[in-house]
Amino acid sequence: MKIAIIGAGNLGLSIAKGILHSNGATTMYLTKRNTESIKDFEKYGNVTVTSNNQEAVKNSDILVFAVQPGHFASILEETKDLLTEKHVVISTITGFGIDKIEEIIGKDKFIIRSMPNTAISVGKSMTCICSNELGKKRVDLAKAIFNRMGHTLEIPEEQMQAATVICASGIAFWMRLIRATTQGAIQLGFDAKEAQELAMHTCNGAASLLIESGSHPEEEIDRVTTPKGCTIEGLNEMEHQGLSSSLIRGIVASFEKISQIRKG
């Protein structure tokens with residue numbers, strides 16, 4: 001596949017790394033205003049680094065846009081006349097709806113919105129996908145690309161803002177939980193490196209248990225809680241201090257913020 005990543009910032013580079021590490025592209029173009037910081041990607045051999053978005057569009061079939069929301073419309077305007085029936089437009093832009101994209105490039109284009117997270121760089125992204133009517137014919141293609149770098153779920157567009165909070169912002173939420181567990185382990189006597197190792201691998205194991213078994217989280221909790229035991233004591237204290245409530249309130253606060261961005 002001939003892929004262009006338009007906007008090689010943090011997310012764009014994460015997507016590029018995921019695709020390259022899974023051998024998912026025959027050629028790849030990476031675009032950025034200042035290309036100096038991404039020149040190293042040319043070592044892959046099949047990667048071209050450029051500041052010219054038009055060049056990237058001309059030489060690619062699949063266009064992944066990962067630019068700042070404020071720049072997206074102008075870049076679409078700049079490249080729309082180069083789009084052909086072969087192009088698949090994949091947007092990762094928060095708050096920029098399919099209707100807005102169609103207003104600029106037309107409804108006769110394959111348009112897909114995707115919301116991956118930065119774990120895509122290590123092949124563990126949770127990526128949500130939706131499309132316009134024509135784009136439904138290319139959803140399987142988009143899923144095939146992102147499934148090489150994690151897991152995908154097709155959802156209605158009206159759920160994309162919520163998915164952004166759960167999956168993209170969710171990386172930061174889980175990092176904070178791992179960090180808190182690390183700090184607790186340090187307080188119990190482990191050094192910082194050991195504490196983080198314990199926290200992150202336990203977190204990975206918990207997620208893997210649910211993925212592999214299909215269990216509900218409470219089922220797995222029941223397996224490790226015993227009457228009057230230390231696990232239930234800790235869980236109850238966390239709930240008394242508002243653990244679940246704080247998480248839910250934080251998620252809702254993030255959703256309210258992204259809703260404001262969408263209206264703006």
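Reply: Start with C230. This is a predicted model, and its C230 sulfur lies 19 Å from the closest cysteine sulfur, that of C203. That is too far for a bond. A disulfide needs two cysteine sulfur atoms within 2.5 Å. C230 is also exposed, because its relative accessibility is 68%.

Now widen the search. C167 is in none: its nearest cysteine sulfur, in C128, is 4.1 Å away. The cut-off is 2.5 Å, so a distance of 4.1 Å does not count as a disulfide. C167 is buried, at 11% relative accessible area. C230, by contrast, is exposed.

Next, the rings. The whole structure holds three aromatic pairs. One of them joins F65 and F72. Their centres are 5.3 Å apart, the planes make 55 degrees, and the pair is tilted. Both F65 and F72 are buried. F72 also pairs with F96, this time edge-to-face, at 4.7 Å centre to centre and 70 degrees between the planes. That pair links distant parts of the chain, 24 residues apart. F72 sits in helix α3 (residues 69-79), while F96 is in the loop between β5 (88-91) and α4 (98-105). F96 is buried, as is F72. Together, the ring pairs join F65, F72 and F96 into a cluster.

Charges meet rings too. K100 places its charged end over the ring of F96, 5.4 Å from the centre. R138 lies over the face of F110, 4.0 Å from the ring centre.

Then the surface. L188, F190 and L198 make a nonpolar patch there, with about 320 Å² of accessible area together. L188 belongs to the loop between α6 (160-187) and α7 (192-213). L188 is exposed, because its relative accessible area is 73%.

Last, the backbone at two loop residues. N23 has a phi near 55 degrees, a positive value in a residue that is not glycine. N23 is in the loop between α1 (10-21) and β2 (27-31). N23 counts as exposed because 66% of its area, in relative terms, is accessible. K228 also has a positive phi without being glycine, here near 60 degrees. K228 lies in the loop between α8 (217-224) and α9 (230-240). K228 is exposed, with a relative accessible area of 86%.

Notes
Residues numbered from 1 in each chain as written. Predicted model: local features only at pLDDT ≥ 70, side-chain atom pairs only at ≥ 80, totals over all residues. Heavy atoms only, no water. Patch = residues over 30% accessible without salt bridge, like charges linked within 9 Å, V, L, I, M, F, W, Y side chains within 5 Å. Areas by Shrake-Rupley, 256 points an atom, 1.4 Å probe, with all protein chains shown as cover. Salt bridge = Lys/Arg side-chain N within 4 Å of Asp/Glu carboxyl O. Helix = DSSP H or I, 4+ residues; strand = E, 2+ residues; numbered from the N terminus. Buried < 20%, exposed > 50% of the residue type's maximum accessible area, 1.4 Å probe, protein only. Phe/Tyr/Trp six-rings, centres within 6.5 Å; stacked < 30°, edge-to-face > 60°. Lys NZ or Arg CZ within 6 Å of the ring centre and 35° of its normal.
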